[in-house]
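User: Can you walk me through this model? I'd like helices, cores, salt bridges, strands and the interface.

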Amino acid sequence: MDFDLAPEQRMFRETVYRWAKEEVAPLCEDADLRGAFSPEIWGRLAGFGILGLPFPEEFGGSGADIVTCCLAGEALGHAGVDGGHLLAWGAHTYLCGHNILSFGTDEQKRKYLPRLASGEWIGCMGLTEPGSGSDAASLSTSARRTGSGYVLNGTKTFITNAPVSDVFVIFANVDKKLKHEGITAFIVEKGTPGLSTGRPFHKMGCRCSATSEVILEDCEVPAENVLGGEGMGWIIALSGVEWDRCTLLSPMLGCAMFNLDACARYANERRQFGRPIRSFQAISRRIADMKVFVEALRLAIYRVAWAKDKGRMLNPLQAAVSKVYAGDRGFEMASEAVQVFGGYGFMHEYPVERNFRDSKLAAIGGGTSDIMRMIVSRIMLMGFGV
Amino acid sequence: MDYELEPSRVDFLKALGAHLAERVAPRRAQLDSCGPEERARLMRDNIAGLGTHGFLAAMSIGNPPDLVGHYLALEETAKACPATCLSARASAFLCAGAISLFGSPGAKETYLPRLLSGEAVGALAYSEPGSGSDLGALGAVAESDAGVYLVDGEKDIVVNAPIAEVFVVLARTPEGPSLLVVEGGARGLEIGPCLDTLGIRGAPVGGVRMRRCEAACLLGREPGMGLEQLERLLSMGAVGAAALCVGIAHACMEISTERAKSRSAFGKPIGMFQDVGFKLADMFTLVDLSRLLALRAAWAFDTGERDAPVRAACAKLFSAEACSKVANWGMQIFAGHGYLAGSPIERLYRDARFGEICERTSEILRLTIANEELDRFAGFA
C-alpha cells in the first residue's frame, strides 16, 4: 500500500497549477459569462501540451500515464479554469482522441492524433441520442453497408464540442437485430456530406463547452473510417466509461479544491458582528465538510486511475463510487460554497457561483448518479461477496 | 502509488477473520444481552483469545508504527463484534499504546507483554463528569509524595474499567496534566458498577474513583506532558475509531444485502425495487469511502506525514456519520422485523450511534479540520 505520488508527478501538478492560474484562469470568467468556447484558452491548453497529454510522443503527445492526466485535470480545476473548457478537453482528448489511440489503426492514429494534440483539429464523441440516454445500447442511428463503406442516418444530442469539431467519433448500429453487438464506431470528418450540427444549446453550467446535436443524413463514410472493427462499438463505449470515472472527474476534484481555498480565504477576510465569519461554526463546519469531500474524492478518483495504469480490468464498483460521490456530494458542497459567500456567492463575479452551476453536470453526464446506483446495487444483489 | 494490500496483510486478515468467526462472532448476541458478570467473563476471554494469536499486538501501535495493520485488525474485529473491537482496542491501543509511546523501558517491560498477550486487560481513564471534549477542565489531581504519585479524582466513563488490571490515568500534577499508570489492585482505587449503555453493550464500561490512590509510575520523562501525550495518542486513535465505524457499517451492509435478496414482496426480491437497491448502493459507497479515508490516514501516520492527524480526523468524522446513515438505512430495509429487540440490525443500529460520540464528537472534529484549513489563509485577513 502506497498513497504517495512520485516526485515528478507532484512537480507536474504544481507546474500546471501555477501556469493555469496565471495564463488560463483569468480568461475564464469572461468566457463563461458569454457562454462561449474560447479559441484563445484552447490554444493555450494546446500550447502547454494539455490536449495531447496521454498520446504517445510519436503522435504529438507526452505519453503521460492516467494518474498524471488526472493530476492535470485536478490542477486545472484547482487553478480556476472553468468546467466548460475542462469538459471540452475531456471530450476532445479522452472520448475522441484516446478512443482513436486505443482502437484505431496506425493510419487513423497518424492522421488524427497529432492534429488533436496540437489543437489544429477539435474532436468529439457522439453516443447519446434524443431517445437514448441512460439506455445507450438502444441507440437508433443506423449504418447501412454499401460497396465502399457505410451510410449513416440518425441524430445525436448533447454532444460536447460538436459545433466546433473537426473529428466526430459516432456510434451507429449496423443491424438493429444484433442489438449492442451491432453497434459500431465511425470516425466522421467535418465537411463530410450529410454531416451537420444543430444550433448550440444554452446550458446551465459548463457553459464554455459548445454543445449541440449532430445530424447524420445519408452521411457516407468510407470503410477505413470504422474504428476498432464492425460490432466493436459497445466495447469502445464501455471503455470510455473508465475515463469518465477518473480523468473526466478529476477537474471536478480541482474545482472543489478551488472552492475550498476560496471559502477558507473569504471566511478569514469577511467580518460580521465584529469578528471574522470563520469564528462562526455555521461557516467553519462547511469548510470542514468541503475538506473531507476533497480528500475522499481524491482517493476514489486516483484509485480508478491507478488501477487503469496497472492495466487492470475496470472495477465497476470503484468506478461508480467515484462518479456518484463526485456528482451528488460535489453538488451539495458547491452549494455550500455559495452559502459561505452569501449574497456575493449569488453573483457571477464570484467563481463559486460558476462552480455551483458547473458541478451539477457530474451527477448527469457520463452515466447519471441513478445509473451508478443501479450498477452497484445489481452487483451487490447478484451475490457479490461484499 | 499502490492502492492494494500486501499479500502478507491479506493472509493476516484471513487468519484473524477465521478466529473471529469461530470464537467471537457466535457470542456477540449473548454479550449484548447478558448481565455484567457474564459480560466481564466473556470479554476477558475474547481479549485473551485475541492475545494468544498475536492479534492484540497488531491492534496496538507497533514498532515501527503500523497503523495500517492496526486499522485492518480493528475493522475486521468490529465486523464480527463491535464490542470486542472497542474493548480490545481500549486495552491494546489506548492503554498499551500509551505505555509503548510514552513509558520508560521498565514500564514497557512490566506491562506490555501482559497486555499484548491478553493476560491482562488495560484501560485509559481520562474523561470526567465535568471534562469531556474540554480536557483542560480536568479535575483529577496527583501529587508527589516521596517520589510516589497519589491520585485523587473521578473518571466516569472508562471502557474496560470493570475488567482492567492496568489503568492509564490523566491527572493534574503541579506541572500540569500528566499520564500515570495505576494498577488494578492499587490501594485507594475503587471501580464503580458496570454501566448500561445504548449500544456496544458487550464492552464493560464503568467509573473509577481514586482516593489517595498510589500510581505505579508516570508516563514520560517529566510530568506535565499529559495533554500533549493524549493529543498524540487520540489523534492516532481516530484511525481505530474509524475502524470501529467501518466495521459496524460493513456488517449492516452485509446483512441488509442478504435481506434484500431473500425477502420478497409483490413477487420479487425487495432489493429489485430501486428504493431498496439504491440504499444498498449508497451503503456501499459510504463504507468504501470510509475505508479509503481511514487507510490513507493510517498510512500517513506510518510514513510520518505532517498532516496525518487531520487526515485521521477526516476519516473518523466521515466514517462515524456514514455509519449512522448506513445503520439507519439497514433498519429501514429490515423494517418491522428489524425493530424487534434482539434482531441483528437492532443491535448494530444501537452500536452505530456510538461512532459520532466516542473519542471526539463530530462537532469537535469539524472544528479541528476547519481550523486547520482556515489557518492556511489566516495571513490574508
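Analyst: Here is a short tour, topic by topic.

User: What ground rules apply to numbering and confidence?
Analyst: Residues are numbered from 1 along each chain as its sequence is written, with chains lettered from A and ligands numbered from 1 in the order written. This is a predicted model, where local features need pLDDT of at least 70, side-chain atom pairs count only at pLDDT 80 or more, and totals for chains, interfaces and linings use all residues; side-chain values use heavy atoms, without hydrogens and water.

User: Start with H1 of chain A. What span should it have?
Analyst: Helices (H or I, at least four residues) and strands (E, at least two) are DSSP runs, numbered from the N terminus. H1(A) covers residues 7-23, and at 1.5 Å a residue its 17 residues should span 24 Å. The expected span is 1.5 Å times one less than the number of residues. The end C-alpha atoms are 24 Å apart, which agrees.

User: Which residues of H1(A) are buried?
Analyst: A:Gln9, A:Val16, A:Tyr17, A:Trp19 and A:Ala20. Buried means under 20% relative accessible area, exposed over 50%, partly exposed in between (1.4 Å probe, protein chains only).

User: What covers them?
Analyst: The cover includes helices H2 (25-34), H3 (39-47), H4 (66-79) and H8 (250-269) of chain A.

User: Switching to cores. How many residues does the largest nonpolar core have?
Analyst: It has 250 residues. A nonpolar core is a set of buried Ala, Val, Leu, Ile, Met, Phe, Trp, Tyr and Cys residues joined through side-chain atoms within 4.5 Å. A:Leu76, A:Ile100, A:Phe171 and B:Ile99 have the most contacts inside this core. Apart from it lies another core of 18 residues, among them A:Phe186 and A:Val188.

User: What does B:Ile99 touch?
Analyst: Its contacts (heavy atoms within 4.5 Å) include B:Tyr111, B:Leu115, B:Val168 and B:Leu219, not counting residues up to four places away in sequence.

User: Salt bridges next. How many over all chains?
Analyst: The count is 52. A salt bridge is a side-chain nitrogen of Lys or Arg within 4 Å of a carboxyl oxygen of Asp or Glu. One of them joins A:Glu332 to A:Arg329, with the closest N and O atoms 2.6 Å apart.

User: How far apart are A:Glu332 and A:Arg329 in helix H10?
Analyst: They are 3 residues apart in H10(A) (residues 316-345), which means about one helical turn. A:Glu332 is partly exposed at 41%, and A:Arg329 is partly exposed at 27%.

User: And B:Glu143 with B:Arg212?
Analyst: Their closest N and O atoms are 3.4 Å apart. B:Glu143 lies in strand E2(B) (residues 141-145) and B:Arg212 in E7(B) (residues 205-214), so the pair ties together parts 69 residues apart in sequence.

User: B:Arg311 and B:Glu305: buried or exposed?
Analyst: Both are buried. Their salt bridge has its closest N and O atoms 3.6 Å apart.

User: Back to strands. How do E2(B) and E3(B) run?
Analyst: They run antiparallel, joined by 5 bridges. Two strands pair if DSSP finds at least two bridges between them. In their hairpin, with 2 residues between the strands, B:Ala146 takes a positive phi near 55 degrees. E3(B) also joins E7(B) antiparallel, through 7 bridges.

User: Last topic, the interface. What area is buried between chain A and chain B?
Analyst: About 4,700 Å², with carbon and sulfur atoms giving 69%. Buried area is the accessible area (1.4 Å probe) that two parts lose on being put together, summed over both.

User: Which salt bridges cross it?
Analyst: The rule finds 8 across the interface. B:Asp288 forms a salt bridge with A:Arg303, with the closest N and O atoms 2.4 Å apart.
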